[in-house]
Amino acid sequence: MAQRTLARYLTEEHRNKGRIPANLKFLIEVVARACQAISIAIGKGGLGGVLGEAGSDNIQGEAQKKLDVLSNEILLEANEWGGHLAAMASEEMDLPHLVPHRFPKGEYLLTFDPLDGSSNIDVNVSIGTIFSVLKCPDNADLSTPEAAEQAFLQPGTAQVAAGYAVYGPTTLLVLSVGDGVVVFTLDREQGQFVLTQENVQIPADTKEFAINMSNQRFWEAPVQRYVAEMVAGKGGPLGKDYNMRWVASMVADVHRIMTRGGIFMYPMDSKMQAQGGKLRLMYEANPMAFLIEQAGGRATTGRRRILDIAPEKLHQRVPVILGSRNEVDRVTGYHDN
Ligand code: AHM
Ligand code: MG
């Protein structure tokens with residue numbers, strides 16, 4: 001049987017969507033090609049001179065790594081000329097990037113975290129790219145980057161596609177066009193993403209949790225209670241022993257949950273109260289929440305469904321609790337009490 005490449009998959013009829021519009025198909029293929037280029041750059045490591053600091057800060061005041069900057073440029077350059085996009089926004093850029101006048105404009109908006117898990121770049125641990133696709137509203141003002149921000153402020157439920165690439169021992173592309181979750185593996189010799197898993201389903205229950213325990217003293221009471229109950233194990237109120245994993249690359253932690261279930265938490269904590277949380281809504285929480293729900297899991301802030309949040313600003317941060325349905329429901333329920 002012929003290999004089901006990404007292009008072939010995108011051309012097929014989809015369960016709920018029928019045919020994917022040609023421009024969306026093209027957009028996803030271009031993003032995938034950019035991820036391939038990022039994967040190649042990462043693979044060169046020290047030989048390609050891509051490790052270490054870039055010597056600059058991003059809008060969030062975080063020191064940029066060379067690979068943060070390079071990955072952002074790769075995604076911008078790949079996507080700006082094809083006529084499928086109206087604008088792009090990224091973790092690494094203060095304002096949206098408008099499609100230059102010399103290129104045709106399209107109907108979609110793309111947001112991305114070009115290189116997620118930056119603290120893991122220099123230590124050779126899995127990192128990734130996260131992206132989200134929205135329709136550009138018909139009446140959007142794209143006259144300036146400042147004005148264009150408004151067009152992006154749509155809830156996660158409006159996403160038409162979302163995905164991530166994880167650059168681990170294998171490079172994978174995990175994608176949803178609102179019709180379940182599929183996984184492609186990069187065939188490095190062929191230079192193609194090939195479908196290796198369909199209909200990804202996250203088990204409803206789990207014995208594995210992911211949280212940065214060093215923040216424990218800053219968490220709110222519901223998360224304190226939940227983690228204490230898990231750590232109490234078999235003899236505690238949850239009646240089972242749990243295991244803990246924390247890669248500190250959201251893509252890798254989410255991918256583990258996609259593969260065998262689990263719960264991931266970057267909850268609200270007292271030192272991040274003012275900024276709203278750690279992870280960014282538009283290009284981290286929303287695309288991951290979309291994928292997790294498409295795989296039968298849940299994603300909340302502890303208080304509400306992430307996909308229902310009406311964004312107020314491009315770089316908005318939110319608390320994130322996602323993964324196996326019953327565990328996310330449990331800790332979300334603790335917030336109600
Ligand atoms: P980044 O996009 O700058 O890499 O930051 C986001 C990352 C997530 O991938 C990960 O879940 C989290 O930050 C790890 O945070 P911490 O270092 O506090 O454990
Ligand atoms: Mg990130």
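Guide: Donors here are N, O and S atoms within 2.8 Å of the metal (3.2 Å for Na, K and Ca), and water is not among the atoms, so sites may look incomplete. This is a predicted model, where local features need pLDDT of at least 70, side-chain atom pairs count only at pLDDT 80 or more, and totals for chains, interfaces and linings use all residues. Residues are numbered from 1 along each chain, ligands are numbered from 1 in the order written, and side-chain values use heavy atoms.

Visitor: OK, what coordinates the magnesium ion (ligand 2)?

Guide: D113 (OD), D116 (OD) and E284 (OE) do, at 1.8 to 2.1 Å. Along the chain these donors follow the spacing D-x2-D-x167-E.

Visitor: Is D113 buried or exposed?

Guide: Buried, with a relative accessible area of 0%; D116 is buried too, at 6%. Buried means under 20% relative accessible area, exposed over 50%, and partly exposed in between (1.4 Å probe, protein chains only).

Visitor: Switching topic: how many salt bridges?

Guide: The count comes to 21, taking a side-chain nitrogen of Lys or Arg within 4 Å of a carboxyl oxygen of Asp or Glu.

Visitor: Which residue does R280 pair with?

Guide: E62, with the closest N and O atoms 3.3 Å apart. The two sit 218 residues apart, R280 in strand β14 and E62 in the loop between β1 and β2. Strands are DSSP runs of E, at least two residues, and helices are runs of H or I, at least four, numbered from the N terminus. R280 is buried at 4%, whereas E62 is partly exposed at 26%.

Visitor: And which residues are linked in a network?

Guide: Salt bridges link E62, E91, R280, E284 and R317.
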